[in-house]
Amino acid sequence: MSNLSAFFAQNVVKKKTDEFVVSEKFKEENGEPVKWEIVSLTANEDEQLRNEHMIEIPNESGFSIPKLDVGGYQAALVAKCVKWPNLNNAELQDSYGVCGAEELLLTMLDPGEYMKLLSRVQKLNGLDIKLSDLVDQAKN
């Protein structure tokens with residue numbers, strides 16, 4: 001059995017990071033593609049994002065059912081996880097004529113690049129696991 005101290009906050013790896021090229025269109029001065037840096041979130045940070053992107057869907061009985069705005073949540077998740085470039089930089093946003101990190105991402109990336117970034121963010125945060133995989137693991 002492991003020592004309990006392995007779980008103490010000061011002994012835990014704080015956040016996972018990853019660097020990779022999202023797009024070949026962003027170049028360093030030497031012509032090399034710029035690597036983006038992404039960082040993982042805590043479960044608490046993810047829960048806050050989910051709560052911010054819940055919408056109420058009215059049903060026939062007059063009650064509302066909470067539903068996650070998946071697109072809004074995903075855009076916020078990616079924006080929160082991108083550490084470099086700084087998507088909250090006003091000068092960068094101004095250069096694209098947008099306001100906000102999510103809007104900047106959706107403007108500066110094409111759909112394939114955005115999906116590549118989203119996929120990498122989900123994987124870094126452990127959100128790429130399929131329900132069927134979890135069921136299979138439970139069976140074993």
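This report describes the fold of a predicted model, moving from the whole chain to its sheet, its helices and a few single residues.

## The chain as a whole

The chain has six helices and five strands, and from the N terminus on these elements run in the order β-β-α-β-β-α-β-α-α-α-α. The C-alpha atoms fill a box of roughly 55 × 50 × 30 Å when the box is taken along the principal axes. A compact globule of 140 residues would have a radius of gyration near 14 Å, whereas this chain has 19 Å.

Buried residues make up 30% of the 140 residues in the chain. The accessible surface comes to about 9,800 Å², and 53% of that surface belongs to carbon and sulfur atoms. When contacts with a separation of 6 or more are considered, 51% of them are accounted for by residues 24 or more positions apart in the chain.

Strands of a sheet pair through backbone hydrogen bonds, and the pairing can be either parallel or antiparallel. In this model, three strands form an open sheet in the order β1-β2-β5, and their pairing is antiparallel. The strands β1 (17–21) and β5 (82–84) stand at the edges with a single partner strand each, so one side of each is left without a neighbour in the sheet. Neighbouring strands of the sheet are turned by 35 degrees against each other on average, with direction ignored.

The pairing can be followed residue by residue. Strand β2 covers residues 35–39 and is joined to β1 in the antiparallel sense over five bridges; F20, for instance, has W36 in β2 as its bridge partner, and T17 stands opposite V39 in β2. Two bridges join β2 to β5, and these two strands also run antiparallel; here I38 has V82 in β5 as its bridge partner.

## A buried strand and one of its residues

How much of β2 is hidden from the surface? Four of the five residues of β2 are buried, so the strand is largely enclosed by the rest of the structure. V39 has its place in this strand, and V39 counts as buried because its relative accessible area is 14%, which is under the cut-off of 20%.

The surroundings of V39 bring together several parts of the chain. Leaving aside neighbours within four places in sequence, V39 is in contact with K15, K16, T17, C81, L124 and N125. V39 and K83 are 44 residues apart in sequence, yet their C-alpha atoms are 6.4 Å apart in space.

## How the helices pack

Helix α5 (residues 111–124) lies across β1, β2 and β5, and this helix runs at about 160 degrees to β1. Two packed helices are described by the angle between their axes and the distance between the axes. Helix α2 (residues 70–81) packs with α5 at an angle of about 75 degrees, with the axes 10 Å apart, and this makes α2 roughly perpendicular to α5. The contact is made by Q74, A75, L77, V78 and C81 on the α2 side and by Y114, L117, L118, V121 and Q122 on the α5 side.

Helix α2 also packs with helix α4 (residues 101–108), at an angle of about 95 degrees and with the axes 9 Å apart, and α2 is therefore roughly perpendicular to α4. In this case the contact is made by A75, A76, V78 and A79 of α2 together with A101, E102 and L105 of α4.

## Two residues in helices

E102 lies in helix α4 and is partly exposed, with a relative accessible area of 33%. Not counting residues up to four places away in sequence, E102 touches A75, A76 and A79. E102 and Q74 are 28 residues apart in sequence and 9.3 Å apart in space, from C-alpha to C-alpha.

Apart from neighbours within four places in sequence, Q93 is in contact with L87, N88, V98, C99, G100, A101 and L104.

Conventions:
Residues numbered from 1 in each chain as written. Predicted model: local features only at pLDDT ≥ 70, side-chain atom pairs only at ≥ 80, totals over all residues. Heavy atoms only, no water. Pairing = 2+ DSSP bridges. Axes fitted to C-alpha atoms, helices over the stretch in contact; angles between N-to-C directions. Contact = heavy atoms within 4.5 Å. Rg over C-alpha atoms; globule rule 2.2 N^0.38 Å. Buried < 20%, exposed > 50% of the residue type's maximum accessible area, 1.4 Å probe, protein only. Areas by Shrake-Rupley, 256 points an atom, 1.4 Å probe, with all protein chains shown as cover. Parallel < 35°, antiparallel > 145°, perpendicular 65-115°, else oblique.
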